[in-house]
Amino acid sequence: MAQGQFLTGIAAGRLAADQYAENFSDLHEPFSGHEARVEADRCYFCYDAPCMTACPTAIDIPMFIRQIATDNPVGSAKTIFDQNILGGMCARVCPTETLCEEACVREAAEGKPVQIGRLQRYATDVAIAEGVQFYERAAPTGKRIAVVGAGPAGLACAHRLAMHGHEVTIFDAREKAGGLNEYGIAAYKSTQDFAQAEVDYVTAIGGITIETGKALGRDISIGQLSEDFDAVFLGMGLGGVNALRSEGETAASNAVDYIAELRQARDLSALPIGRRVVVIGGGMTAVDMAVQAKLLGAEEVTICYRRGKEYMNASLYEQDLAAAAGVAIRHWLSPKAVLTADGKVTGIELEYTRLENGVLAGTGESLTLPADQVFKAIGQTFLAAALNGSGAAIEMEGGRIRVDGEGRTSMPGVWAGGDCVADAREDLTVAAVAAGRDAAESINRALMGGANG
Amino acid sequence: MADLRSNFVGIKSPNPFWLASAPPTDKAYNVVRAFKAGWGGVVWKTLGEEGPPVVNVNGPRYGAIWGADRRLLGLNNIELITDRDLFVNLAEIKQVKRDWPDRAVVVSIMVPCDEESWKAILPLVEETGADGIELNFGCPHGMSERGMGSAVGQVPEYVEMVVRWCKQYTRMPVITKLTPNIADIRKPARAAHAGGTDAVSLINTINSITAVNLDTFSPEPSIDGRGTHGGYCGPAVKPIALNMVAEIARDAQTRGMPISGIGGVTTWRDAVEFMALGAGNVQVCTAAMTYGFKIVEEMITGLSNYLDEKGFSSVDEVVGRAVPNVTDWQYLNLNYVTKARINQELCISCGRCHIACEDTSHQAITNMIDGKRMFVVKDEECVGCNLCVNVCPVEDCITMEQIPGGMMDERTGHRVPDHYANWTTHPNNPMAKAKEPAE
């Protein structure tokens, strides 16, 4: 065991140097060709397959799996990319256990679905590794479109627009393109800089320029973009973090910031982490944070969630992943105060909760957990301030941008999709891809005088 | 406990599982291992005439097809008869038979198609104390190009002639091994019978090319970029073998002639199926070559448990039990009406029954009921073909249910007649109509 393991407080280098690489290697080893074909053979090639219906991007899953089974991974990759150009990342980060794999008839039959996510990764890895580009751009249309946000929604939108022959410029506030794929996904789900490789693969179609370090509301405005471009697509993420509304809140850290820092860290052993870590929240971000804290060498990591297990947004699979990593998940605990001494976190005081007539209420009993670091992962919000400021305002709904079925905002020539919009889709990478792709089709119809323009 | 002992044309063995004439029985080392593992008998790999032995290719001899996870479904080979010296083989056979007197040791023979050749080798084999001989008229590759193996087996007159010579020059029981590479298996079987054979064994391997290498465009197995047809065997050939065994078992001219069943026997169940269709014992090769000799333990216990469960006291009680139920199409009961039934509790909603029926058959299975994904048989369209049963991945989820006589067949709109009636008396049969006035 490394010397740093039991360093008190917040410290870097808790583990032996080679342990970091092992801890942050692929969550699932990629399939070998034979493994992929054996797994693919389990697929029943269902009629009107439930997995396909469950996929937000409606990938023809039985077909891509059959193409793997017949040793045609390149054909398989095209089937995937036809619907989802970010199929490589989705294969890694989709909560398949609540999407395609939950719907798989083998799940109904034997509780063991076909491993669709891993198969999708196999096929897309082959195509990306071989640099196979499936799509040719249509003849230039002379139309220029601005895309704000180089995350899943923006990239999917830009790719589809480029396919149709349009010129696309993507603006992103961060240093690198990729959005949450680059800054938000747990490191063990996207190893070997896959997010950037995927950005390169997607933009290799041509006609897409990415301008990083350009933030909406600071460097660019919707008014200006509308004037300079034929259409605008807004694909921003959620920039704000919900407040704990507890005493000493400022001493707590944002999980999303820490995860972003971790993803960008070149040397994980230089990244400080507490010996005792408490994560407040019950979603995927809470699990990502807690598991990674553990993998960085934290001795004691506890997720505290204010409701019961059944209310957690993190899937059962993710909860099990956390448990297997040695994370304790405690329920019915609401944060009251982040405790500090000499400016350092010493613990967190929580109050037990229960449901009273369907309303969450404190029981009056409290608990103090010693902690060196407290992370909040209780959800993010869309920061709308950057949107408006010139000309007509874009209509909002529940704090996010209102769009119609095609992704059109209330402002002519402006479309939106992904986490920044209010629609029925879940806040998932795959849902953002679908929204970006569909908006691109709508934009194309509008610009080219299609029937639905 | 049922008695598993077998007496096949006077050749006794502790169980009816023999190893077929093939690589596993080419020398004493293998055969002794097989006997130690529990095999009831062997047919020693085919001996050729005295002189320099045949040579085999020095590249790959086997090709294969696989199911999921590389489960071997079919094997083909281009190996010839034994490439060891005749007298080495004879000495080993003699020793093995002496050491294992309770096991069956039958010797496979293939020599040129002339009387002198057969007359010469038979006493040599007889001298070993072997229990019998098997005439290799089946081998479809290499030897057939030299006028032996299936080149003989495909000409019924030759079969009869050689069998006659053998019966004339040896007291040993003669088993004639038949090639399936022929239009009507009954013809060589009748010829062997006419020549006086004690039994036939079948099937030998089937002419085949297992695969083509799509980079080099060579057939597999590839010998320096070229390939040839080899003999196909293994689980994939079992249905072909079962039919050929049954055809001989129910043929008026050969009925009752002992049959040694060969062709894809992998489990006790396969063996019992061959026996039910008339085989007195079975011979195994590919399964042993895939898994080793130990599989015979499963075959022995499986057969024993089956016989006990069914209340049979010996293997012979199973032999031929299914033969009376094998008939010609024209005698099948056309008043036997079935409909598919889908058990909704077992159904996992894969929809394969629907799409198979919708695309390729009778449009008799729904995919949606009241807006809900649901697969139900439409009796008014269902012809009872059984395709849905066969494509359903869930065991017993779809079953065929008989519509009893007197009940309505929703498809035809007529009540099902409650008597047996077949094509020979059907009004649509011109032959039947022609016959009617005469009756």
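Two strands are taken to pair if DSSP finds at least two bridges between them. The model examined here is predicted.

In chain A, five strands form an open sheet in the order 4-3-2-5-19, with parallel pairing. Strand 4 (208-212) and strand 19 (414-416) lie at the edges, each pairing on one side only. On average, and with direction ignored, neighbouring strands of this sheet are turned by 20° against each other. Within the sheet, strand 2 (residues 144-148) and strand 3 (residues 167-172) of chain A run parallel and are joined by five bridges; A:Val148 stands opposite A:Phe171 of strand 3. Helix 10 (residues 152-163) of chain A packs on the sheet, where it touches strand 2, strand 3, strand 4 and strand 5 (231-234). The direction of helix 10 makes about 170° with that of strand 3.

Strand 10 (residues 300-304) of chain A is largely enclosed by the rest of the structure, because four of its five residues are buried. Strand 10 runs parallel to strand 9 (residues 276-280) of chain A, to which five bridges join it, and A:Val301 in strand 10 is the bridge partner of A:Val277. Together with helix 15 (residues 284-295), strands 9 and 10 of chain A make a right-handed β-α-β unit. Three bridges connect strand 10 to strand 11 (residues 328-330) of chain A, again in parallel, with A:Thr302 opposite A:Ala328 of strand 11. Strand 10, helix 16 (residues 316-325) and strand 11 of chain A likewise make a right-handed β-α-β unit.

Chain B is divided into domain 1 (6-325) and domain 2 (329-404). The centres of these domains, taken over C-alpha atoms, are separated by 40 Å.

Definitions and conventions
Residues are numbered from 1 along each chain as its sequence is written. Chains are lettered from A and ligands numbered from 1 in the order in which they are written. This is a predicted model: local features need pLDDT of at least 70, side-chain atom pairs count only at pLDDT 80 or more; totals for chains, interfaces and linings use all residues. Side-chain values use heavy atoms; hydrogens and water are left out. Helices (H or I, at least four residues) and strands (E, at least two) are DSSP runs, numbered from the N terminus. Axes are lines fitted to C-alpha atoms, for helices over the stretch in contact, and angles run from 0 to 180 degrees between N-to-C directions. Contact means heavy atoms within 4.5 Å. Domain bounds come from an automatic or database domain assignment. Buried means under 20% relative accessible area, exposed over 50%, partly exposed in between (1.4 Å probe, protein chains only). A crossover is right-handed if, with the strands pointing away from the viewer, the path from the first strand over the helix to the second runs clockwise.
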